[in-house]
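Here's a quick briefing to read with the model open beside you. Keep the viewer handy and click along as you go.

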Amino acid sequence: QVRLVESGGGSVQAGGSLRLSCAASGYTGSPYYMGWFRQAPGKGREAVARIDSDGRTIYADSVKGRFTISKDKAKNTLYLQMNSLKPEDTAKYYCATGNPAGKSLYAITWWVDAWVDNWGQGTQVTVSS
C-alpha cells in the first residue's frame, strides 16, 4: 500500500551535484522517520542520512558537509541534495521511511536499517573522476 519512488539519479563528474527526490504515497499520515541508504557494488547497504518528524537530521561522517537531507511534509516528499560529489559516492540510493513505535532503542538507531518499514526501488548515482 505504501509506495516510495526515487528519482533524480544520474551520472556526474566529481565535484558535481545532484538532488534526489523520494515521493511517498499510501500514507494516512507522515512517517516519523525518512532517510536515505546507499549500496555500492560488492558492499553492504550504508545509512546516509535521516530526518525525523521534527526536522532533526543526522548524517554519515562520509557525507557530512556535502549532503543535505530535507523534506516537504505537505507533499510527503523527501530530498537529498548532494554537492561536491566524489567517485566513492557511486552507489544505488534507496529512500526509506519508518516509525519508531514498538521498536527497541537499538532498532531505531539511525544507521541500523531495522527502523525501516518501507523501501523505495532505488536510483543509481554514478560519479566519475
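A residue counts as buried when its relative accessible area is under 20%, and as exposed when that figure is over 50%. Arg38 comes in at 6%, so it goes down as buried. Bear in mind that this is a predicted model. Below, we go through the disulfide, the core, the charges and the rings.

**The disulfide**

- Searching the whole structure turns up 1 disulfide.
- Cys22 and Cys95 are the partners, with their sulfur atoms 2.0 Å apart.
- Because Cys22 sits in strand β3 (residues 18–25) and Cys95 in strand β9, the pair ties together parts that are 73 residues apart in sequence.
- The link between Cys22 and Cys95 is left-handed, with -75° about the S-S bond.
- Both Cys22 and Cys95 are buried.

**The nonpolar core**

- There are 34 residues in the largest nonpolar core, and Trp36, Leu80, Met82 and Tyr93 have the most contacts inside it.
- Strands that each supply at least two residues of this core include β3, β4 (33–39), β8 (77–82) and β9.

**Thr97 in strand β9**

- Thr97 belongs to strand β9, which covers residues 91–98.
- Its relative accessible area is 0%, so Thr97 is buried.
- Setting aside neighbours within four places in sequence, Thr97 has contacts that include Leu4, Tyr27, Pro31, Tyr33, Met34 and Trp115.

**Salt bridges**

- The structure has 7 salt bridges.
- One of them joins the side chains of Asp89 and Arg38, at 3.0 Å from N to O.
- That pair links distant parts of the chain, as Asp89 is in the loop between β8 and β9 while Arg38 is in strand β4, 51 residues apart.
- Like Arg38, which is buried at 6%, Asp89 is buried, with a relative accessible area of 1%.
- Arg38 and Asp89 also belong to a network of salt bridges together with Glu46 and Arg66.
- Asp52 pairs with Arg56, and their closest N and O atoms are 2.9 Å apart.
- With a relative accessible area of 7%, Asp52 is buried.
- Lys64 and Asp61 form another salt bridge through their side chains, at 3.6 Å from N to O.
- Here Lys64 is exposed at 51%, and Asp61 is exposed at 68%.

**Aromatic rings and a charge over them**

- The count of aromatic pairs comes to 5.
- One of these is Tyr106 with Trp111, an edge-to-face pair at 6.0 Å centre to centre with 85° between the planes.
- Tyr106 has 54% relative accessibility, so it counts as exposed.
- Tyr32, Tyr33, Phe37, Trp115 and Trp119 are joined into a cluster by ring pairs.
- Arg50 lies over the face of Tyr33, 3.7 Å from the ring centre.
- Arg50 also lies over the face of Trp115, at 5.1 Å from the ring centre.
- Tyr33 and Trp115 both turn up among the contacts of Thr97 as well.

Conventions: Residues are numbered from 1 along each chain as its sequence is written. This is a predicted model: local features need pLDDT of at least 70, side-chain atom pairs count only at pLDDT 80 or more; totals for chains, interfaces and linings use all residues. Side-chain values use heavy atoms; hydrogens and water are left out. Helices (H or I, at least four residues) and strands (E, at least two) are DSSP runs, numbered from the N terminus. Buried means under 20% relative accessible area, exposed over 50%, partly exposed in between (1.4 Å probe, protein chains only). Contact means heavy atoms within 4.5 Å. Rings of Phe, Tyr and Trp (its six-membered ring) pair if their centres lie within 6.5 Å; planes under 30 degrees apart count as stacked, over 60 as edge-to-face and the rest as tilted. A charge sits over a ring if NZ of Lys or CZ of Arg is within 6 Å of the ring centre and within 35 degrees of the ring normal. A disulfide is a pair of cysteine sulfur atoms within 2.5 Å. A nonpolar core is a set of buried Ala, Val, Leu, Ile, Met, Phe, Trp, Tyr and Cys residues joined through side-chain atoms within 4.5 Å. A salt bridge is a side-chain nitrogen of Lys or Arg within 4 Å of a carboxyl oxygen of Asp or Glu.
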